[in-house]
Amino acid sequence: MPVVISPPAAVFKERESMKVTVLGFSNGLDCLDSSNTSLLVQTERTSIMVDVSSSPRQSLLRTGIDSLSLDAVLITHGHIDHVYAFPSLIHSMWLQNRTKPLLVVGNRLAIEVCKHFVLYFKLDKKIRFRIDWKDVTTNRIGDVRISSFSLYHRPEVPVNGFTFVADGFKVSYFPDSVATLPLPECSLFSDLMIHEAGGLEKNKEEINLSHTTALQAAMMAKTAEVKELVLVHVPENPKLRQEMLDEARSVFPNTLIPTSGLELTKAREAFSIFDAL
Ligand SMILES: [Zn+2]
């Protein structure tokens with residue numbers, strides 16, 4: 001089941017608010033209960049897929065939308081687990097005779113990887129829609145305001161995090177990266193921080209070569225004064241996930257790790273939680 005996170009309905013009254021669906025939450029190794037980390041950011045008018053994993057059209061259909069209506073794809077970085085399904089997504093759009101232009105946003109390397117995929121599979125000769133390639137200075141997609149920030153992950157791979165704002169709801173996303181301080185200003189006071197976490201603080205030395213510990217993510221959430229933290233890009237081992245959650249909650253109690261049964265729905269209360277770790 002996808003994980004849907006929305007702000008309190010009361011704030012937005014009649015109209016639908018922006019929501020974020022966690023399409024996948026595993027690290028580089030996809031596993032039984034999740035594909036690699038990928039998100040869907042949606043308002044009533046705009047749909048943005050953030051990183052592309054698994055069977056992208058199927059993931060979107062499960063959230064109730066078709067890849068045909070997707071407005072944009074945003075790639076955080078050019079690592080394989082974040083971008084391998086991009087050609088499949090474009091292919092599905094071709095099979096459905098898409099004509100609406102598609103915006104693809106990412107840093108130089110991320111765009112380069114996506115363009116290679118398109119050329120390698122000769123998708124450019126097939127598709128009847130335009131792909132608009134845009135860099136990470138893009139500050140608006142439809143009615144979603146976007147800010148990007150640079151993160152350190154691996155020396156050879158630039159990574160960008162993003163803050164999404166619409167309908168009075170602010171979500172900041174920190175993909176693969178080593179804990180970042182000072183925090184990007186645009187991420188402060190978010191309703192929701194979605195942060196990658198590679199393991200426990202006791203393994204900090206190894207994890208901090210390219211990732212963030214659960215404790216560090218929680219400290220960042222606390223420092224940023226966000227309302228809720230969701231850890232993604234987590235390891236497969238359920239016991240380790242639970243330990244990471246406990247570690248994070250010792251600093252920032254409003255922390256979640258998605259499970260296959262986790263569903264956070266818009267509805268009555270802020271961040272209603274069912275069946276979470
Ligand atoms: Zn990566």
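A residue is buried if 20 or more other C-beta atoms lie within 10 Å of its own, exposed if 12 or fewer, and partly exposed in between, with C-beta atoms placed from the backbone. Helices (H or I, at least four residues) and strands (E, at least two) are DSSP runs, numbered from the N terminus.

This is a predicted model, in which local features need pLDDT of at least 70 and side-chain atom pairs count only at pLDDT 80 or more, while totals for chains, interfaces and linings use all residues. Residues are numbered from 1 along each chain as its sequence is written.

**Exercise 1.** Find which residues of helix 2 (residues 56-63) are buried, and work out why they line one face of the helix.

*Solution.* 
- Start with the list: Pro56, Arg57, Ser59 and Leu60 are the buried residues of helix 2.
- Now look down the helix axis: these residues fall within an arc of 160 degrees (taken from the directions from the axis to the C-beta atoms), so they line one face of helix 2.
- Next, see what they pack against: strand 2 (19-24), strand 3 (38-42), strand 4 (47-50) and helix 4 (86-95).
- Finally, step just past helix 2, where Gly64 has a positive phi of about 100 degrees.

**Exercise 2.** Decide whether Ser172 is buried or exposed, and name the residues it touches beyond four places in sequence.

*Solution.* 
- Locate Ser172 first: it belongs to strand 11 (residues 169-174).
- Count its surroundings: Ser172 has 27 C-beta neighbours inside 10 Å, so it counts as buried.
- Two residues are in contact if their C-beta atoms, placed from the backbone, lie within 7 Å. Leaving out residues up to four places away in sequence, Ser172 touches Gly161, Thr163, Ser187, Ser190 and Met193.
- Take Ser190 from that list: its C-alpha is 6.3 Å from that of Ser172, although 18 residues separate the two in sequence.
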